[in-house]
Amino acid sequence: MMTARAFSLAHCEDVTWFRDGFHAARGSAATLGRRIGLGEQRTAQLVLAVAELAANLTKHATDGALLLRVLRHLPEPGADVVAGVEVIAVDSGPGMADVPAALRDGMSTTGTLGIGLGAVRRLADTFDVHSRPGTGTIQLARFWPHPAPSAASSEPPVGGITRPISGEQTCGDAWAARTDSGSDTPAAAPSSEGPADPQPAAAASPNWSAMTGVRKAQPPAALRPGTSAPVHAAVPGPGEGLLVMSCDGLGHGPLAALAAQAAVNALRTGTGRTPEQVMQEVHRALRGTRGAAVAIARLEPGGRVLFCGTGNITATLLTPTSRASLLSHPGIAGHTTHRLRTHEYRMPDQGMLVMHSDGLSDRWSAADLAGLLHHPPAVIATGLLRQAATRRDDASVVIAKAAR
């Protein structure tokens, strides 16, 4: 069972894509490293790794792209926020037939700076690579100031990726996540859900559920993996829950990005504990903006999943051999929404949550991600983006692995 601070989360900021002219990535990496305080030596190592990855893309890749972004780890109480830089290199081929051989020293590709992928792996605090001949390669490297924060040693259970429509620098899609320890009171904002039964330590408080006749949701054991049921009065389960949001601001460009950022801020700063409560907070935060399609899920220990969605966000429970869609409803958060509905699901064994915007085609299958599912969430998200995204719209994917 998860306990408080059992895993770490990180916010992603300053997302920059390079699709050609990879030489500019070195300067951007140097600027990011100095601005967030990596230190001169660590920044130089970051720049060297970026140069190697970019040179490989230039020399050998088909449809290669490189992503730079800042990660900010959520700190322990009383600790400072720690920032690092994440680099993701992705291409559509030709792929590497022997990844271990490519990571050996002395195996640098012709035309690169000569340090090789093995050296990139040693320089980075986190390094991951997936490659498949005929499909392409995805490489992820993270750089933190040294000594690296303790949280950097564990892989976050949530990761995602966003990419703006061709010709734009800002993306109207976004994703975010936060934990709910279960120790805080439910959201103070009005909600259609009944409040949870009081804890024994607060026996003097009125039992609002008993007075109003609101009943608690059925226990998750009533559901089989892959099945669902509507929940009219969802309450958080025991242990630490994980709240995950996918958001697609209406249209694209700066105004769509403003709507998406408002939704992200609402999730991060809100007090809602169930998806429906958080959706209400997001809905209020998006008034006065273009609005957005939004999907919010709560993952709990033991495999319980609560889900509330409005608009055309695709949400799926994925295993190596199957995908099951989660039910969303028409509407635009911040403008017009139908009555919010929460559905309860059971996460299958080896399952994970996948949510993406309509900037990706929904015509993908579990087989399309074969070989990727044991990699970090950000790598899986990048693989799905490569597989299904279109350049004619903003695109985003968020992956949350089940907590057991």
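Two strands are taken to pair if DSSP finds at least two bridges between them. Strands (E, at least two residues) are DSSP runs, numbered from the N terminus. I note that this is a predicted model, where local features need pLDDT of at least 70, side-chain atom pairs count only at pLDDT 80 or more, and totals for chains, interfaces and linings use all residues. Residues are numbered from 1 along each chain as its sequence is written, and side-chain values use heavy atoms, with hydrogens and water left out.

Entry: pairing of β15. I looked up strand β12 (residues 314-318) and found that it pairs with β15 in the antiparallel sense over 5 bridges. Here Leu 318 has Met 352 of β15 as its bridge partner. I then turned to strand β16 (residues 395-401), which runs antiparallel to β15 and is joined to it by 5 bridges. Met 355 has Val 398 of β16 as its bridge partner.

Entry: cover of β15. I take buried as under 20% relative accessible area, exposed as over 50%, and partly exposed as in between (1.4 Å probe, protein chains only). In β15 (residues 352-356), 5 of 5 residues are buried. Met 352, Val 354 and His 356 point one way, while Leu 353 and Met 355 point the other way. In a regular strand, side chains alternate between the two faces of the sheet.

Entry: cysteines. I count a disulfide as a pair of cysteine sulfur atoms within 2.5 Å. By this rule I record 0 disulfides. Cys 171 is in none, and the nearest cysteine sulfur, that of Cys 247, is 10.0 Å away. Cys 171 counts as buried because its relative accessibility is 16%. Cys 12, at 21%, counts as partly exposed.

Notes:
Helices (H or I, at least four residues) and strands (E, at least two) are DSSP runs, numbered from the N terminus.
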